[in-house]
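Me: I have a structure open and would like to go through it with you. Can we start with the buried charges and work outwards?

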Amino acid sequence: MNRRRRVTIAIIAVCALTALAAPAHAAPAPTPAPPGASAAPQSGKSLEEVRAEIEALYRQAASATDAYNLAEEQAKKQSAEIVKLSRAIVDGRARIEELKRRAGAAARAQYRNGGIPEEARLVLTEDPQLFLEGANRLAQGQKATRDLLGELQQSQDDLETYTRDASVEWTRLEANRTRQDRTRKLITEKIAAAEKLESQLAAAELERLRHLERQAQADAQTAWLASGALKEANRSATAQGRAAIGFALAQVGKPYVWGAEGPDSYDCSGLTQRAWSAAGRGIPRTSQEQWRLLPKVAIRDMRPGDLIIYYGDATHVGMYIGDGSMVHAPRPGRDVTVAGAGSMPILGVVRPDK
């Protein structure tokens, strides 16, 4: 059996923990609040400072979530591999039993012949033609016996290999699941910290906070469009691209839930993966893997259906739908929505159907 070597999944989950322990990505420098803008009374910080802090927490959670999702995806593949190994063990045992049965049948046949070896009965014949035919049958029978014994030994060796591999894979899988539990706890803590900051705001302040978020996104979108980034991006979607866009837009209004893949909620890469799956094209589960494995295209060559990867660590993704817009699942506390394609820092663009 060809044994594939894979990188231990536990490393992926450790990366998730490292991402959480690392310093947060730099948030935009706070801008002076407009006249009349209030500070968050319970913390003494301005709303702009609170917005920056909340954004940093969600960015850390997004980075860890992407690593967690990758570990989860690899765990699923491991589970499928273990199922294959288990089936191979069962099949191997059944094969061994069949070979033993056949060997036993041959032994019983010889016993019924009085225990006289084939060679001895061959020598006793006086018919030359029968002698030649018997010699040929004898040679074939001996080869069949050797092949049978060799196949039996090979089956036994394969069974031992299957068993060892299954044991190793189970050990790695269990260790990885333990680390995933720790990662899940840390992600939850980051999200809870951000939600706590928001919950401390009065209704008017919360509305003002969301206004600041929308204004920051609008400013980024305006600057991006003014740069001429879309000057040449006038290509049409493929049939698969249109199907993926249709699926993604049908999810607008559903909540973001980290690790979710639908149908009632999504995280950012869960949405894009399901959308392209609905269009008949399988793509990787996480935004980082989508960025790493899918064909890259220049922004000037972007067409509807392409995936826009955001931030330097590729921890967010949206689907371009044309006219400078994209659909995405933003973050916890927000719903799937349509937004400006340039409302966040763009790392690059990938094309699932290239």
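Me: Are R285 and E261 buried or exposed?
Reply: R285 and E261 are both buried. Keep in mind that this is a predicted model.

Me: How far apart are the side chains of R285 and E261, N to O?
Reply: The N to O distance is 3.3 Å, and the two side chains form a salt bridge. R285 sits in the loop between helix 7 and helix 8, while E261 sits in the loop between helix 6 and helix 7, so the pair ties together parts that are 24 residues apart in sequence.

Me: What does D267 form with R285?
Reply: D267 forms a salt bridge with R285, and their closest N and O atoms are 3.1 Å apart. This pair links distant parts of the chain: D267 is in the loop between helix 6 and helix 7, R285 is in the loop between helix 7 and helix 8, and the two are 18 residues apart.

Me: Why does D267 count as buried?
Reply: Because its relative accessible area is 1%, and buried means under 20%. R285 is buried too, with a relative accessible area of 4%.

Me: OK, other salt bridges. Which residue does D353 pair with?
Reply: D353 forms a salt bridge with R303, with the closest N and O atoms 3.2 Å apart.

Me: How many salt bridges does the structure hold?
Reply: Ten.

Me: Back to R303. What lies 2.9 Å from its backbone nitrogen?
Reply: A polar atom of the D306 side chain. The side chain of D306 also makes a polar contact with the side chain of R351, at 2.8 Å.

Me: Where is D306?
Reply: D306 is in the loop between strand 3 (296-297) and strand 4 (307-310). D306 counts as buried, with 0% relative accessibility.

Me: What is D306 in contact with, leaving aside neighbours within four places in sequence?
Reply: The list is V297, D301, G318, M319, Y320, V349, V350, R351 and P352.

Me: Helices next. How many residues of helix 7 are buried?
Reply: Eight of the eleven, so helix 7 is mostly covered. The buried residues are C268, S269, G270, L271, T272, Q273, A275 and W276.

Me: Is G280 buried or exposed?
Reply: G280 counts as exposed, at 58% relative accessibility. Its C-alpha is separated by 8.7 Å from that of A244, a residue 36 places away along the chain.

Me: Which residues make the nonpolar surface patch?
Reply: L249, V252 and V338 make the patch, which is about 210 Å². L249 is in helix 6 (residues 239-250). L249 is partly exposed, with a relative accessible area of 36%.

Me: Last one, the overall numbers. How many helices and strands?
Reply: Eight helices and eight strands. The protein has 354 residues, and 40% of them count as buried. The accessible surface comes to about 19,000 Å², with 55% of it belonging to carbon and sulfur atoms.

Me: And what share of the contacts between residues at least 6 apart in sequence join residues at least 24 apart?
Reply: 70% of them.

Conventions. Residues are numbered from 1 along each chain as its sequence is written. This is a predicted model: local features need pLDDT of at least 70, side-chain atom pairs count only at pLDDT 80 or more; totals for chains, interfaces and linings use all residues. Side-chain values use heavy atoms; hydrogens and water are left out. Patches are made of residues with over 30% relative accessible area and no salt bridge: like charges are joined within 9 Å, nonpolar side chains (Val, Leu, Ile, Met, Phe, Trp, Tyr) within 5 Å. Accessible areas come from the Shrake-Rupley method with a 1.4 Å probe; for residues, only the protein chains shown count as cover. A salt bridge is a side-chain nitrogen of Lys or Arg within 4 Å of a carboxyl oxygen of Asp or Glu. Helices (H or I, at least four residues) and strands (E, at least two) are DSSP runs, numbered from the N terminus. Buried means under 20% relative accessible area, exposed over 50%, partly exposed in between (1.4 Å probe, protein chains only). A polar contact is a pair of N or O atoms within 3.5 Å; within protein, one must be able to donate a hydrogen and the other to accept it, and residues adjacent in sequence count only if both atoms are side-chain atoms. Contact means heavy atoms within 4.5 Å.
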